[in-house]
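Trainee: I would like to learn how to read a few features of a protein model. Could we take them one at a time?

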Amino acid sequence: MPDSAPSARRSWLLMALALLALLGLRLPFLDRPLVGEEGMFACLAVDNGRETPEPRRALLVARVAGRDVWEAPRHPLAPYWFLIRVVRPCFKPADFGALSLGQKSAWARAPFLAFFGLALLAWLALAVPRACAGPGADAWKLPLAALLFVASAPLMVGGSLQPQLDGSLGVLLVGLAACCLGAASRAAHGRRALAWCFMAGFLAALGKNEWTLAFLAACLASWAATGRAAAPERKGEPAWRTVLPALAGLAAGSLLSLSLDWANYRAGFLLMFQFAQGTPHPWSETLAMRWPWLWPLFPMLALAA
């Protein structure tokens with residue numbers, strides 16, 4: 001059997017180059033001026049020398065007579081608490097007021113790009129065992145090619161630089177949950193596998209309400225699929241080892257979000273209903289308008305299927 005060490009080193013090098021290339025692709029856009037809601041989230045993640053927001057009323061909506069006016073985020077508070085209490089103290093320019101617009105914008109986008117960079121590390125970590133596995137080690141090349149493709153799509157490039165939750169912190173939570181499920185798969189049996197599945201569900205519940213619902217739907221679909229695919233004498237065993245601990249973690253994460261603030265957690269569901277009750281646009285027109293951004297999802301869907 002040939003020595004796998006040189007192959008493993010090459011795979012590590014290629015993954016490191018891929019990470020640097022994907023981050024470098026985004027650097028020219030780092031100083032773009034903020035637009036719309038981006039300024040609200042920039043105030044959460046960067047200490048601009050003004051009033052520190054309170055998570056229950058975290059969004060800056062106006063400034064009247066020199067005083068900031070804040071509004072409830074109407075989403076679960078865990079991401080807002082994390083941005084204000086953990087991230088904001090780490091991003092504190094010495095003299096924010098003296099910075100140029102481009103410099104302020106770069107400071108605002110940097111923490112969110114950092115979240116996306118950590119998500120890339122999480123995804124690449126899923127390929128590391130394959131890269132060092134000896135026979136069959138080339139299996140990591142297809143996931144790496146898929147990652148390069150989807151992470152360089154315009155929607156992903158723009159979203160990863162936005163001071164928003166969806167394309168940065170949300171992507172990181174998904175990446176970490178995927179890593180936990182990968183670790184559970186490698187553990188195969190026992191308490192370690194159960195703990196990793198629990199952690200995956202817990203992380204998936206720390207974002208917006210719709211992210212929790214998406215993970216719940218994935219768990220139930222997996223439960224149904226594994227139950228049908230398993231041998232008759234082992235039916236339900238894969239669900240017990242993976243889906244039920246993940247659902248328990250999802251419940252624990254949801255309880256944490258509820259404990260932080262029930263009103264904002266409930267408002268997240270009400271906000272979804274408000275959007276659903278709006279006048280719908282024809283799907284054909286919406287798809288045609290969004291197609292330049294959405295088309296990379298379809299080859300990824302085919303590859304996943």
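Trainee: Which residues in α2 meet which residues in α3?

Mentor: Keep in mind that this is a predicted model. From α2, the residues are Phe41, Leu44 and Ala45; on the side of α3 they meet Tyr80, Leu83, Ile84 and Val87. By class, this contact has seven nonpolar residues, with no polar and no charged ones.

Trainee: At what angle do α2 and α3 pack?

Mentor: Two packed helices are described by the angle between their axes and by the distance between those axes. Here helix α2, residues 38-45, and helix α3, residues 78-87, pack at about 45°, and their axes are 7 Å apart. The two helices, α2 and α3, are therefore oblique to each other.

Trainee: How many salt bridges are there?

Mentor: Side chains of opposite charge can pair when their charged atoms come close. The count in this model comes to eight salt bridges. One of the pairs is Asp68 with Arg50, whose closest N and O atoms are 3.2 Å apart. Asp68 lies in strand β2, residues 67-71, and Arg50 in the loop between α2 and β1. The pair links distant parts of the chain, 18 residues apart.

Trainee: Which residues form a nonpolar patch on the surface?

Mentor: Phe149, Leu287, Trp291, Trp295, Leu297 and Phe298 form the patch, and together they have about 580 Å² of accessible area. The elements giving two or more residues to this patch are α12 (283-294) and α13 (297-304). Trp295 is found in the loop between α12 and α13.

Notes:
Residues numbered from 1 in each chain as written. Predicted model: local features only at pLDDT ≥ 70, side-chain atom pairs only at ≥ 80, totals over all residues. Heavy atoms only, no water. Axes fitted to C-alpha atoms, helices over the stretch in contact; angles between N-to-C directions. Helix = DSSP H or I, 4+ residues; strand = E, 2+ residues; numbered from the N terminus. Parallel < 35°, antiparallel > 145°, perpendicular 65-115°, else oblique. Contact = heavy atoms within 4.5 Å. Nonpolar A, V, L, I, M, F, W, Y, C, P; charged D, E, K, R; others polar. Patch = residues over 30% accessible without salt bridge, like charges linked within 9 Å, V, L, I, M, F, W, Y side chains within 5 Å. Areas by Shrake-Rupley, 256 points an atom, 1.4 Å probe, with all protein chains shown as cover. Salt bridge = Lys/Arg side-chain N within 4 Å of Asp/Glu carboxyl O.
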